[in-house]
Every structure is written in structure tokens, then in C-alpha cells.
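Here is a brief report on one protein model. Look over the sequence and the fold, then read on.

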Amino acid sequence: MTEKGFQKDGQEAEIRVTFQPQSRSCKVPEGRTIMAAAASQAIDLRSDCGGRGKCGKCLVEVSPAAHVSQITEIESQYLSDEALKKGGRLACRAQITGPLSVSVPQAGTDGREALGKSLEADAINDVRPHLKSRSTGENSLGLAIDIGTTTLALYLCDLHSGAILHSAAEANPQRRYGEDVISRIAYSNDHQQGLEILRTTIVEAINNLLGLCLQNSGADRQEIGKVTVVGNTTMQHLFAGLHPGKLGLSPYMPESCSARHYRAADLGLALNKECSVYLFPVVSGFVGGDTVGAMLWEKTYLRDEVSLVIDIGTNGEIVLGNRESTWVASCATGPALEGAHIECGMRASAGAIEKVVVDPINYLVDYTLIGEDTVRTPRGLCGSGIIDAVAEMVQAGLILANGRLCEGLPGIVVDEKGIGREFVIAEGGKSSEKYRIVLTLADIRQVQLAKSALGTGIKLLMKKAGIDKFERLVLTGAFGARFNWRNALVIGMLPEITSQAEVTIVGNAAGRGAVLALLNEELRAEIELAAQNAHLLELAEDPDFGMEFVLQTTFPKR
């Protein structure tokens with residue numbers, strides 16, 4: 001045996017790697033990347049680009065530094081000299097060459113990103129369920145699953161009383177292979193076993209959460225007789241083992257838009273093998289079953305008044321209409337609204353700045369942290385904090401209509417040419433080292449692109465549908481249910497007529513729709529027809545899209 005481990009004829013040498021603070025060790029072949037080793041141990045590393053070396057977010061610290069491959073040009077671009085001296089490396093680039101200890105940054109979470117979906121049980125139930133009064137026996141229970149790009153949520157339901165016995169949620173573990181659907185499609189294309197890895201990853205997570213639901217409700221898995229599943233089109237493809245390759249190429253067509261029926265055994269779910277699984281219909285490659293689930297919950301296609309439903313996440317799905325017609329569109333709002341591609345961006349977890357107020361007189365900043373009872377030092381900006389910061393800065397004159405920072409005002413940091421590059425939100429701390437939480441000029445540009453995509457989508461969808469106003473606005477989704485919509489109005493993300501509409505915040509309309517279709521199978525025919533009859537606007541093909549998108553990037557003058 002050598003320091004690297006056992007080496008048999010025809011086999012690669014194996015090297016021991018220990019991840020901290022998890023204190024989890026494994027042996028991996030020499031030359032394996034740190035990210036691949038972490039994935040083998042189900043250790044989440046941030047990977048906005050899916051491990052392609054394009055985001056610089058998968059930072060870890062290694063010891064000894066000599067036991068990894070040489071620093072790559074990409075790492076030199078993303079990591080400072082100080083970070084490199086401390087053993088900082090990008091997990092997707094650094095290859096393991098000797099026994100190694102890897103320190104993984106801790107996200108630090110109060111469960112906020114998962115609670116947004118898991119606690120919807122209370123909102124869906126008319127009354128709190130009482131376990132003693134629930135029905136028991138074979139096929140007495142059902143399971144609704146919402147597979148989001150960011151979050152996975154399960155709802156265990158009593159099929160007779162309609163009560164939700166327990167719900168559970170966690171971050172979608174597929175994110176270690178890419179933060180958005182495009183990255184995961186690319187992973188499926190670029191790796192021979194990519195599809196199977198992504199499919200297995202989500203199925204294992206579902207089975208783990210299912211076990212938690214059963215344990216906390218005192219139920220038996222043999223009682224579960226049926227399952228409903230919603231998710232965006234890519235997530236549904238990956239769950240069902242359908243290759244998503246076509247979704248990454250024009251015309252971005254799914255394998256099928258129809259609802260799909262499976263047995264639990266076909267999908268690897270830890271249930272009675274004959275348990276039926278209903279996969280929601282989709283409208284297009286980027287308007288999926290989650291949008292159809294939101295349509296079902298809101299009953300937009302049965303209402304007299306015009307509703308605008310917006311599910312804001314990495315993508316923005318828009319539903320507009322009433323009983324006369326329904327129009328849908330998808331716009332690439334980008335991951336900036338969930339903290340990705342932002343200099344100090346992070347998910348909505350402990351230590352994230354979620355609310356920002358800027359005094360327009362002295363430009364002092366006040367902010368609120370997630371979990372501030374236990375975390376006193378800001379670690380970054382989550383999506384809602386980013387929108388707040390930009391809106392407050394626009395109103396204070398710190399950001400001009402074109403997105404430039406107004407040089408000369410307090411808090412604006414300029415470069416050697418006198419161009420405003422960043423605004424200081426807060427002084428933070430990391431170990432004994434001080435660092436700043438800032439909003440950069442590049443960050444503002446990302447927000448401009450995101451808000452322009454959504455604003456353009458809404459405007460063109462209304463134009464195509466011949467609708468000049470809506471009576472109801474419903475905001476939902478991982479981000480849509482948490483941000484201050486009035487600040488979104490300030491920066492032009494939402495149209496001015498929003499102020500005249502009834503605004504409703506729904507934490508997880510997609511998951512609620514999945515529950516409804518679980519409890520009442522007759523609704524399935526209704527939503528299948530609604531999805532089939534929805535008019536799809538392909539924004540990229542609209543001749544007005546390019547010009548309107550450019551116009552929407554500017555901030556409204558206040």
C-alpha cells in the first residue's frame with residue numbers, strides 16, 4: 001500500500017480526500033476533480049455554471065496545496081493572490097494528486113429557501129389535520145411532488161379528508177451540476193452518464209424526503225396509492241429519464257407536451273411498485289408543468305377577470321388571460337434574481353441581506369439579515385435584497401436611468417478613470433478579515449437584463465393578447481413570493497398598471513396545483529385541456545422583442 005492507496009493491476013491509484021467541516025472521507029482515482037469527489041459524497045458545492053469553469057463560485061480551500069494540480073489560467077482570473085495563498089482553488093478545475101483535506105464554505109441556512117415551499121401545507125389546508133382522524137389503509141394516501149430548479153418539495157396527503165399530513169423540502173441536489181436548467185441540459189449532453197446521474201440524484205432526494213414525511217406523520221409507504229409531479233419541462237424530463245437535449249436547441253421542443261403516466265417502480269420511487277405516478281402536461285420547452293400547476297390553482301382559465309400570473313425564478317413564466325383565452329410566455333430572467341452571477345450574491349439563507357433601505361439625504365444604508373437573531377455579520381445579498389438595493393439606489397439618485405453609478409456621491413467607489421464601479425452596502429466580516437458587501441456596476445447590469453426580460457415579456461404578451469390591463473396580479477415562485485413587488489415596480493420590472501391591480505402573493509402555486517390534481521383526478525382532464533388551449537408566445541421570435549428589450553433596460557425616471 002502506498003500513500004495514495006491500493007493499486008491493483010489495471011486499476012487507477014486511489015487517493016483519500018477528507019471534506020471539512022463535514023468530516024467525510026472517501027477514496028477517488030488520481031486526477032479526479034474536487035467537485036467530482038464532492039459529488040460522490042453528496043456534498044453540495046456552489047456551481048452556477050455546472051462545473052465548466054465559467055462562474056468562479058465553487059471556491060474551496062485545500063491542504064496541502066501541493067497535492068492538487070497546478071493553478072489554471074481560469075483560476076488565476078477568478079481568485080485573488082490572497083485567496084490562492086490560503087489554498088483557495090476552484091473545485092471544478094483543481095485535480096487531486098495526493099491525500100487532501102478540502103474545506104467547503106458553509107452556506108449557513110435557516111431553511112428559508114426550503115420553507116418557502118414546505119410550509120405551504122398550512123396555507124393549503126382549510127384546517128390543521130389531526131393524525132388520529134385520518135383514513136388508513138391501502139391507497140388512502142397520496143404524494144404531490146414539486147421539482148423546482150432550486151427547491152424540491154413534497155406533500156403527503158390524506159386522499160379522503162384532503163388534509164396535508166406532512167410536507168418537506170430541501171434544495172434541489174442537482175444544483176451541484178449547475179444552477180439553472182441550461183447548465184443541467186449541458187451536463188446531460190457533455191457526460192455519457194449525465195442524464196442518469198441527474199435522474200438518480202433527484203430520485204434519491206425524493207425518497208429521502210418521503211421517508212421524512214412518513215416518519216413525521218406516522219404513515220406507512222404502502223398506504224400511498226398515487227403520486228402527482230410538477231416541475232419545469234427540464235426537471236420533468238430529468239425525473240422521468242427523458243433526455244433534455246432537444247430543450248437546449250431551437251425550436252426547444254420537449255419529447256411530448258402531454259401528461260405522462262408511470263408506475264413508481266419505473267421511476268425508482270420507494271413506494272409500492274404499482275403506485276401510479278402522474279406527470280403534469282407542459283405547454284412548451286420553457287413553459288412546464290409547474291406553470292400548468294399554477295394555472296390550476298388560480299383557475300385563470302375559468303375567471304371572468306383578467307389575471308396575470310408570474311412565476312419568477314431563474315426563468316420567468318407568465319400566464320395572462322381569463323375564461324376567454326389564455327396566453328403564456330417564458331423569459332430568461334437569469335439567475336441574478338436568486339443571487340447567482342452577482343459579486344456578493346447568495347441564496348436566501350442565514351446571513352443574507354434580504355431588505356435594504358437607503359436614506360436619500362445622507363445615503364446611509366440600513367438592512368435586514370435573514371436569521372439575524374443568530375447571525376450578526378452580513379454574508380451577501382439574496383434576490384430580494386438585490387432588488388431592494390437597486391430600487392433604493394435609483395430613488396436616491398445613486399443609479400442613473402441608464403444604469404451608471406453616479407460618481408461623487410457617498411458610498412460610490414470609482415476606478416482609476418473615475419468611473420463608478422461599486423456601491424458599498426455593508427461592512428462584513430469573514431474570520432478576522434474585513435470585507436465589504438457591495439453592489440457592482442456589473443451587478444446592476446445583470447439586474448437590468450433580468451428586469452428587462454420580464455418587463456418585455458409582460459408587455460409583448462399583453463400586446464399579443466390584445467389586453468391593455470389586468471385586474472389581478474399573482475406573484476409566485478421561489479423568488480416571486482419573497483420580494484417587494486413595489487420595488488420591482490420602481491425599477492420597471494413590473495408595468496405601471498400593476499398599481500391599479502389586486503396583487504396576491506402565493507408561496508407555491510405549482511405545488512398547490514399538484515395537490516389539487518392529487519386529491520381530485522377529474523381536474524386532470526381540465527388542466528390537460530387548459531394546457532393544450534394555451535396560446536404560446538415565443539418572445540425571441542417576436543419582431544418587436546429586440547428593440548423593446550433594449551428600451552426596457554433603462555430605469556424609470558423618478
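Start with a helix on a sheet. Helix α14 (residues 509-519) lies across β6 (141-147), β7, β8 and β9 (224-231). Its direction is at about 150° to β6. This is a predicted model, and its confidence is taken up further down.

**The sheet under the helix**

The sheet is open and has six strands, in the order β8-β7-β6-β9-β11-β10. Its pairing is mixed. Which strands stand at the edges? They are β8 (164-171) and β10 (260-263). Each has a single partner strand, so one side of each is left without a neighbour in the sheet. On average, neighbouring strands here are turned by 15° against each other, direction ignored.

**A parallel pair elsewhere in the chain**

Strands β21 and β22 run parallel, joined by four bridges. In β22, Thr504 is the bridge partner of Val474. Between the strands the chain passes through helix α13 (residues 485-490), and this β-α-β crossover is right-handed.

The two pairs are set out below.

| Strands | Direction | Bridges |
|---|---|---|
| β21 (residues 472-476) and β22 (residues 502-505) | parallel | four bridges |

**Nonpolar cores**

In soluble globular proteins, nonpolar side chains tend to be buried together. In this model the largest nonpolar core has 67 residues. Which of them touch the most other members? They are Ile310, Ile425, Phe483 and Ile491. Helix α12 (residues 441-465) gives the largest share of this core, 11 residues.

Take Ile425. Leaving out residues up to four places away in sequence, Ile425 touches Ile353, Val365, Tyr367, Leu381, Ala389, Ile437, Val438 and Leu439. Another core, of 40 residues, lies apart from the largest one. Its members include Leu214, Ile224, Val229 and Leu267.

**Confidence**

The mean pLDDT of the protein is 87. A value of 70 or more is reached by 90% of its residues. Where is confidence lowest, and where highest? It is lowest in helix α4 (residues 112-118), at a mean of 39, and highest in strand β11 (residues 276-279), at 98.

Two stretches call for care. Residues 108-132 have pLDDT below 50, with 57 contacts in the model beyond near neighbours in sequence. Residues 429-434 are also below 50, with seven such contacts. Where pLDDT is low, the predicted coordinates should not be read in detail.

Terms used:
Residues are numbered from 1 along each chain as its sequence is written. This is a predicted model: local features need pLDDT of at least 70, side-chain atom pairs count only at pLDDT 80 or more; totals for chains, interfaces and linings use all residues. Side-chain values use heavy atoms; hydrogens and water are left out. Two strands pair if DSSP finds at least two bridges between them. Helices (H or I, at least four residues) and strands (E, at least two) are DSSP runs, numbered from the N terminus. Axes are lines fitted to C-alpha atoms, for helices over the stretch in contact, and angles run from 0 to 180 degrees between N-to-C directions. Contact means heavy atoms within 4.5 Å. pLDDT is the predictor's confidence in each residue, from 0 to 100. A crossover is right-handed if, with the strands pointing away from the viewer, the path from the first strand over the helix to the second runs clockwise. A nonpolar core is a set of buried Ala, Val, Leu, Ile, Met, Phe, Trp, Tyr and Cys residues joined through side-chain atoms within 4.5 Å. Buried means under 20% relative accessible area, exposed over 50%, partly exposed in between (1.4 Å probe, protein chains only).
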